[in-house]
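Open the model in your viewer and keep the selection panel at hand.

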Amino acid sequence: MQFILIFISAILVNNVVLSQFLGICPFLGVSKKIDTAKGMGLAVTFVLVIATIVTYLLQIWLLEPFHLEYLQTIVFILVIAGLVQMVEIVLKKLSPALYQALGVFLPLITTNCCVLGVAILVANGTYDAQGLEVGLLSGTIYALAIALGFALSLIVFAGIREQMSLVKIPRGMQGMSIALITAGLLALAFMGFSGMDKGIAAFFGIG
């Protein structure tokens with residue numbers, strides 16, 4: 001049940017994009033088509049989960065024992081950059097069309113504050129584990145839930161933008177203007193999930 005609460009909280013209640021406003025750049029840049037949104041969602045999910053595991057182990061086994069915590073941000077960015085390079089190589093070989101569609105936003109995963117932020121939260125043990133012991137297992141589950149929340153918001157937003165391309169929009173509202181307004185309305189819609197995790201936890205007597 002704790003795992004379910006983590007997923008509900010990270011995906012719906014505290015969505016990384018619509019509630020915490022992290023990863024806005026790819027959210028706005030790669031949301032014109034559902035196919036590219038799915039590709040970016042999968043890429044971010046892979047990088048985020050693997051980066052969280054690797055950075056957590058580096059924090060426990062290297063940075064803390066040798067008192068190198070001040071190098072945390074640099075080390076974490078290097079790990080994320082390496083993983084993004086792997087994703088680029090794989091996509092370029094297996095799906096050139098998707099690789100071209102993602103364009104500059106694929107390497108930008110390296111500086112995606114969503115990926116780096118979650119890695120730091122898990123490594124420092126400052127994330128909401130929803131009643132679980134803070135550690136690698138709960139951190140990995142949290143990272144996966146955050147990544148799925150990012151993918152969900154990106155795909156939903158891409159679907160809305162695809163539908164908007166079929167209707168006539170006033171010239172002054174076209175492009176990024178209507179996209180920002182739509183993102184704001186989507187964020188308001190997700191606010192309707194506020195308190196859902198606490199309600200479920202109270203119902204089952206958790207926490």
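Select α3 and α7 to begin: their axes come within 9 Å and cross at roughly 165°. That makes α3 roughly antiparallel to α7. Angles over 145 degrees count as roughly antiparallel, under 35 as roughly parallel, 65 to 115 as roughly perpendicular and the rest as oblique. Axes here are lines fitted to C-alpha atoms, for helices over the stretch in contact, with angles running from 0 to 180 degrees between N-to-C directions. Helices are DSSP runs (H or I, at least four residues), numbered from the N terminus.

The crossing of α3 and α7 is right-handed. A crossing is right-handed if the near helix is turned clockwise from the far one by less than a right angle, and left-handed if anticlockwise. Colour the contact of α3 with α7 by class: 19 residues are nonpolar, six polar and two charged. Ala, Val, Leu, Ile, Met, Phe, Trp, Tyr, Cys and Pro count as nonpolar, Asp, Glu, Lys and Arg as charged, and the others, Gly among them, as polar.

This is a predicted model: local features need pLDDT of at least 70, side-chain atom pairs count only at pLDDT 80 or more, and totals for chains, interfaces and linings use all residues. Residues are numbered from 1 along each chain as its sequence is written, and side-chain values use heavy atoms, with hydrogens and water left out.

Show side chains for the contact (heavy atoms within 4.5 Å). From α6, pick Cys114, Val118, Leu121 and Val122; from α7, pick Gly139, Tyr142, Ala143 and Ile146. Seven of these contact residues are nonpolar, one is polar and none is charged.

Now go to α1 (residues 2–13) and α9 (residues 196–203). Their axes come within 9 Å, crossing at roughly 160°. That makes α1 roughly antiparallel to α9. This crossing, too, is right-handed. On α1, select Leu5, Ile8, Ser9, Leu12 and Val13; on α9, select Met196, Asp197, Ile200 and Ala201. The contact has seven nonpolar residues, one polar and one charged.

Switch to a surface view for the pockets. On a 1 Å grid over the protein atoms alone, where a 1.4 Å probe fits, a pocket is an open set with protein on both sides within 12 Å along at least five of seven lines; lining residues have an atom within 4 Å of a point. Grid points are joined across faces, edges and corners, and a volume is the space filled by probe spheres set on the points.

Which residues line the largest pocket? Select Lys32, Arg161, Glu162, Met164, Ser165, Val167, Ile169, Gln174, Gly175, Ile178 and Ala179. The space there is about 210 Å³. α7 gives the most to this lining, with three residues. By class, the lining has five nonpolar, three polar and three charged residues.

Last stop: the second largest pocket, with about 160 Å³ of space. Its lining is Gly39, Leu42, Ala43, Phe46, Met86, Val87, Val90, Leu91 and Leu98. α3 (34–63) and α4 (72–94) are the elements that give two or more residues. Eight lining residues are nonpolar, one is polar and none is charged.
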